[in-house]
Amino acid sequence: GNTLKPLKIVSTRGQTVDTLEYHPEPRVAAIVASHEHPEFIINVKETGKVKLVDYSDFDNLKITTIDAALFLHDGGWESSHRYFMSAANKSNKIAVIDSKDRKLVKLVEVGSIPHPGRGANFVDPEHGPVWATSHLGDPTISLINTDVKSKKAWQVVRTLTGQGGGSLFLKTHPTSNNLWVDTPLNPDPRISQSIAVFDIKNLDKG
């Protein structure tokens with residue numbers, strides 16, 4: 001950390017998860033630290049694979065590879081910090097990664113080109129704890145149930161309609177009753193330069 005000198009270089013090259021086509025230069029799209037193990041969780045964009053890299057022993061490096069979906073991008077933790085919610089943009093999916101058991105839980109179908117940033121965690125008044133993502137390709141916001149004890153777990157339980165496509169980020173806060181959704185890539189300047197704000201306690205009113 002003091003010198004930023006690489007301690008080890010590991011290739012991300014490999015086959016894609018769908019056609020098994022070899023990709024020579026897949027990019028790393030996200031790196032987050034696990035709360036369960038001494039591991040980095042790494043999204044490899046073009047191959048659609050998530051790599052869990054155990055950094056506890058650099059001389060005997062262990063890497064767990066999980067097949068997810070193509071075009072992995074950003075993502076964030078649901079409220080327990082066990083499950084990493086990873087957006088696969090052009091696949092229109094959210095990959096739910098169990099960082100404790102080191103496995104894929106589910107690929108959740110959402111709207112067009114999800115782009116959550118870190119996403120947003122809050123309690124839906126009807127469906128309980130959810131994690132939300134907005135989208136680049138359409139005006140919707142998908143709310144995914146994250147209660148593992150619920151029959152609705154890892155399902156889209158509510159879809160909100162925002163002011164337009166072109167969203168990059170959405171945010172809330174544990175002490176806030178609002179969900180904030182931007183749209184900076186919308187072609188309409190009136191929309192791209194404004195933010196939609198939802199009342200979490202009354203989502204039906206839009």
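This report walks through some strands, loops and surface features of a predicted model.

## Before we start

Residues are counted from 1 along each chain, in the order in which its sequence is written. Because the model is predicted, local features need a pLDDT of at least 70 and side-chain atom pairs count only at pLDDT 80 or more, while totals for chains, interfaces and linings use all residues, and side-chain values rest on heavy atoms, with hydrogens and water left out.

## A strand with two partners

Let's begin with strand E12, which covers residues 128–134. Strands (E, at least two residues) and helices (H or I, at least four) are DSSP runs, numbered from the N terminus. Of the 7 residues in E12, 6 are buried, so the strand is largely enclosed by the rest of the structure. Here, buried means under 20% relative accessible area, exposed means over 50%, and partly exposed lies in between (1.4 Å probe, protein chains only).

Which strands pair with E12? One is E11 (residues 120–124), joined to E12 by 5 bridges in an antiparallel arrangement. Two strands count as paired if DSSP finds at least two bridges between them. Val123 stands opposite Pro129 of E12, and the two strands make a hairpin with 3 residues between them. E12 also pairs with E13 (residues 140–145), again antiparallel and over 5 bridges. In this pairing, Trp131 has Ile144 of E13 as its bridge partner. E12 and E13 form a hairpin too, with 5 residues between them.

Strands of a sheet pair through backbone hydrogen bonds, either parallel or antiparallel. In this model, 3 strands form an open antiparallel sheet in the order E15-E16-E17. E15 (170–171) and E17 (195–199) stand at the edges with a single partner strand each, so one side of each has no neighbour in the sheet. E16 (residues 178–182) and E17 are joined by 5 bridges, and Asn178 stands opposite Asp199 in E17.

## Loops worth a look

His81 sits in the loop between E7 (72–77) and E8 (83–88). Its relative accessibility is 38%, so His81 counts as partly exposed.

Ile113 belongs to the loop between E10 (103–109) and E11. Is Ile113 buried or exposed? With 17% relative accessibility, Ile113 counts as buried. Pro116 is found in the loop between E10 and E11, and Pro116 is buried at 0% relative accessible area. Pro116 and Lys93 are 23 residues apart in sequence, and their C-alpha atoms are 11 Å apart in space.

## Surface patch and pocket

Leu7, Val28, Ile31, Phe40, Tyr55 and Phe58 make a nonpolar surface patch of about 570 Å². Patch residues have over 30% relative accessible area and no salt bridge; nonpolar side chains (Val, Leu, Ile, Met, Phe, Trp, Tyr) are joined within 5 Å, and like charges within 9 Å. A salt bridge is a Lys or Arg side-chain nitrogen within 4 Å of a carboxyl oxygen of Asp or Glu. Accessible areas come from the Shrake-Rupley method with a 1.4 Å probe. Ile31 lies in E3 (residues 28–33), and at 52% relative accessibility Ile31 counts as exposed.

The largest pocket has a volume of about 490 Å³. A pocket is an open set of points on a 1 Å grid where a 1.4 Å probe fits, with protein on both sides within 12 Å along at least five of seven lines; lining residues have an atom within 4 Å of a point. This pocket is lined by 16 residues, and Lys8, Val10, Phe40, Ile42 and Val53 lie nearest its centre. E3, E4 (39–44) and E5 (49–54) each supply at least two residues of that lining.

Technical notes:
Grid points are joined across faces, edges and corners, and a volume is the space filled by probe spheres set on the points.
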